[in-house]
Amino acid sequence: MGATVHKPVVLVTAADLAPQALDMLADFEVVFAGKQPTEDDIVALCGRHKPVAIIVRYGKVNARIMDAAGNLQVISKHGSGIDVIDQEAAAARGIAVRAAVGANAAAVAEHAWALILACAKAVPQLDARMRAGHWDKATHKSVELDGRTLGLVGLGAIGRRTAAIGLAFGMKVLAFDPYAKEAPAGVQLVSLDTLYAQSDVVSLHCPLTAENRRMLNRDTLKRFKPGAILVNTARGGLIDEAALAEALASGQLSAAGLDSFEVEPMTTPHPFQGIGNVILSPHIGGVSDAAYVNMGKGAAANVLAVIEERARTAA
């Protein structure tokens with residue numbers, strides 16, 4: 001009898017992966033870490049299985065996890081935000097870090113617009129009032145977006161889709177992105193201060209870095225147009241949450257729609273839960289039926305590309 005050939009392991013920090021992605025990884029043993037794995041769970045699985053790749057869906061990947069996975073060649077994000085991976089630690093260990101760029105762009109842009117419209121039209125609040133027996137036709141006025149200004153912080157795949165929808169609504173679209181060489185037709189690149197001062201709606205579409213952490217704070221929120229709407233489908237760490245709560249209470253902002261938070265899952269109780277003009281969702285902007293497949297396939301493709309390239313180099 002021949003010796004059993006063990007397939008190399010890909011560890012997924014979740015309980016599932018799209019079937020199309022699993023098909024792509026047929027030459028590997030795919031190990032799932034469960035619904036919301038802790039760091040200790042992932043370290044234990046890395047020690048047991050020595051994966052060649054980790055696909056990151058939930059949680060963070062730090063140096064301790066990398067050191068537990070002695071054969072690790074690539075850490076592949078199921079999505080576009082690689083701030084949950086310690087990139088310096090990975091670089092020091094020769095581990096490639098990849099993102100499934102653009103795989104969830106449509107989903108996130110659509111969710112940003114769901115939040116913008118919910119804020120402008122007070123959809124959740126009116127629904128709650130109706131259920132409580134009220135008919136606010138004589139007193140309610142919604143915000144009309146046609147002719148207003150949309151400001152986008154970040155003009156990558158998601159920002160560009162959000163911009164196109166804004167133009168379709170008849171909005172003037174401003175964008176700030178230090179890496180954008182040019183803007184799509186109808187979109188004007190401006191400074192951050194100009195964007196804050198002129199936008200009726202500000203939507204965040206940038207990665208979280210050490211430089212832009214809490215870029216929206218007491219000082220910058222004061223520069224917003226009074227009564228503006230703020231939407232964040234990017235990263236919670238971009239916003240000083242206490243400062244945002246104050247700006248919503250004072251009327252400096254008329255409403256906010258938030259899909260990401262400084263600490264996730266959002267801590268309970270949380271000040272936002274008692275603020276009527278903030279609309280909350282549990283970081284699901286990128287979680288659509290199509291994005292689940294696209295992100296899985298993108299993450300699997302990045303694993304295969306790195307491993308195949310390294311095998312060729314080694315040969």
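**Notes on the annotated domain**

1. UniProt, in an unreviewed entry, places the feature "domain: D-isomer specific 2-hydroxyacid dehydrogenase NAD-binding" at residues 114-285; UniProt positions are given in the numbering used here, feature names are shortened, and annotations may be inferred rather than shown by experiment. The span 114-285 is 30% helix and 18% strand, and its end C-alpha atoms lie 10 Å apart. Helices (H or I, at least four residues) and strands (E, at least two) are DSSP runs, numbered from the N terminus.

2. The model is predicted, with local features needing pLDDT of at least 70 and side-chain atom pairs counting only at pLDDT 80 or more, while totals for chains, interfaces and linings use all residues. Residues are numbered from 1 along each chain as its sequence is written, and side-chain values use heavy atoms, with hydrogens and water left out.

3. Seven strands form an open sheet in the order β8-β7-β6-β9-β10-β11-β12, with parallel pairing, where two strands pair if DSSP finds at least two bridges between them. The edge strands, β8 (187-189) and β12 (278-280), each pair on one side only. From one strand to the next the twist averages 15 degrees, with axes being lines fitted to C-alpha atoms (for helices over the stretch in contact) and angles running from 0 to 180 degrees between N-to-C directions.

4. Helix α10 (residues 241-250) packs on this sheet, where it touches β10 (228-232), β11 (253-258) and β12, and its direction makes about 140 degrees with that of β11; contact means heavy atoms within 4.5 Å.

5. Strands β6 (residues 149-153) and β7 (residues 172-176) run parallel and are joined by five bridges. Within this pairing, G151 has L174 of β7 as its bridge partner, and L152 stands opposite A175 in β7. On the other pairing of β7, three bridges join it to β8, again in parallel, and V173 has V187 in β8 as its bridge partner.

6. The structure holds three aromatic pairs, counted for rings of Phe, Tyr and Trp (its six-membered ring) with centres within 6.5 Å, planes under 30 degrees apart being stacked, over 60 edge-to-face and the rest tilted. One of them is stacked, because the rings of Y196 and F224 have their centres 5.0 Å apart and their planes at 20 degrees. This pair links distant parts of the chain, with Y196 in helix α8 (residues 192-198) and F224 in the loop between α9 (218-222) and β10, 28 residues apart.
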